[in-house]
Amino acid sequence: MEWIILIIAGLFETAWAIGLKYSDGLTRFYPMVFTAITLILSMYLLERALRTLPVGTAYAVWTGIGIIGTTILGIYLFNESVNITRIFFIGLIVVGIGGLKLVSP
């Protein structure tokens, strides 16, 4: 169950990172509220997962999910560049997350 909570926390991390972009320097009210709510939810769920998972593993997975999600959404929403090198390194993050899952409780 803690792994599911951690994955959801990582998805909320992606949401608040994208919300920061839409908030235009925290000057737009509704995107700013969205960002704050998703940030709080992400941190709360990360804290819940940390009750049973090792902190190093949980934090690495949480940030990895955030990196992957933010990169993918950046490509689709903001026309950020996509090239084979970028995809390769995102793939390495995915492999790293999988490896951490395999060696952690």
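Asn-79 lies in the loop between helix 3 and helix 4, where helices (H or I, at least four residues) and strands (E, at least two) are DSSP runs, numbered from the N terminus. The model is predicted: local features need pLDDT of at least 70, side-chain atom pairs count only at pLDDT 80 or more, and totals for chains, interfaces and linings use all residues. Residues are numbered from 1 along each chain as its sequence is written, and side-chain values use heavy atoms, with hydrogens and water left out.

The phi of Asn-79 is positive, near 55 degrees, although the residue is not a glycine. Asp-24 belongs to the loop between helix 1 and helix 2 and is exposed, with a relative accessible area of 52%.

The protein chain contains four helices and zero strands, and its pattern along the sequence is α-α-α-α. Its C-alpha atoms fill a box of roughly 40 × 35 × 15 Å along the principal axes. Of its 105 residues, 33% count as buried. Among contacts with a separation of 6 or more, 69% are between residues 24 or more positions apart, a contact being heavy atoms within 4.5 Å.

Helix 3 comprises residues 55-78, 24 residues in total, and extends 32 Å from its first C-alpha to its last, close to the 34 Å expected at 1.5 Å a residue; the expected span is 1.5 Å times one less than the number of residues. Its buried residues include Trp-62, Gly-64, Gly-66, Gly-69 and Gly-74. The elements covering the buried residues of helix 3 include helix 1 (2-22), helix 2 (29-50) and helix 4 (84-103).

The axes of helix 3 and helix 4 come within 10 Å and cross at roughly 150 degrees; axes are lines fitted to C-alpha atoms, for helices over the stretch in contact, and angles run from 0 to 180 degrees between N-to-C directions. Helix 3 is therefore roughly antiparallel to helix 4 (angles under 35 degrees count as roughly parallel, over 145 as roughly antiparallel, 65 to 115 as roughly perpendicular and the rest as oblique). The crossing of helix 3 with helix 4 is left-handed, meaning that the near helix is turned anticlockwise from the far one by less than a right angle. Residues in this contact include Val-61, Ile-65 and Ile-68 of helix 3, and Ile-90, Val-94 and Ile-97 of helix 4. The contact residues divide into eleven nonpolar, three polar and one charged; Ala, Val, Leu, Ile, Met, Phe, Trp, Tyr, Cys and Pro count as nonpolar, Asp, Glu, Lys and Arg as charged, and the others, Gly among them, as polar.

The axes of helix 1 and helix 2 come within 8 Å and cross at roughly 155 degrees, so these helices are roughly antiparallel to each other. Their crossing is left-handed. Among the residues that meet are Phe-12 and Trp-16 in helix 1, and Phe-34 and Leu-45 in helix 2. This contact comprises 16 nonpolar, four polar and three charged residues.

Notes
Buried means under 20% relative accessible area, exposed over 50%, partly exposed in between (1.4 Å probe, protein chains only).
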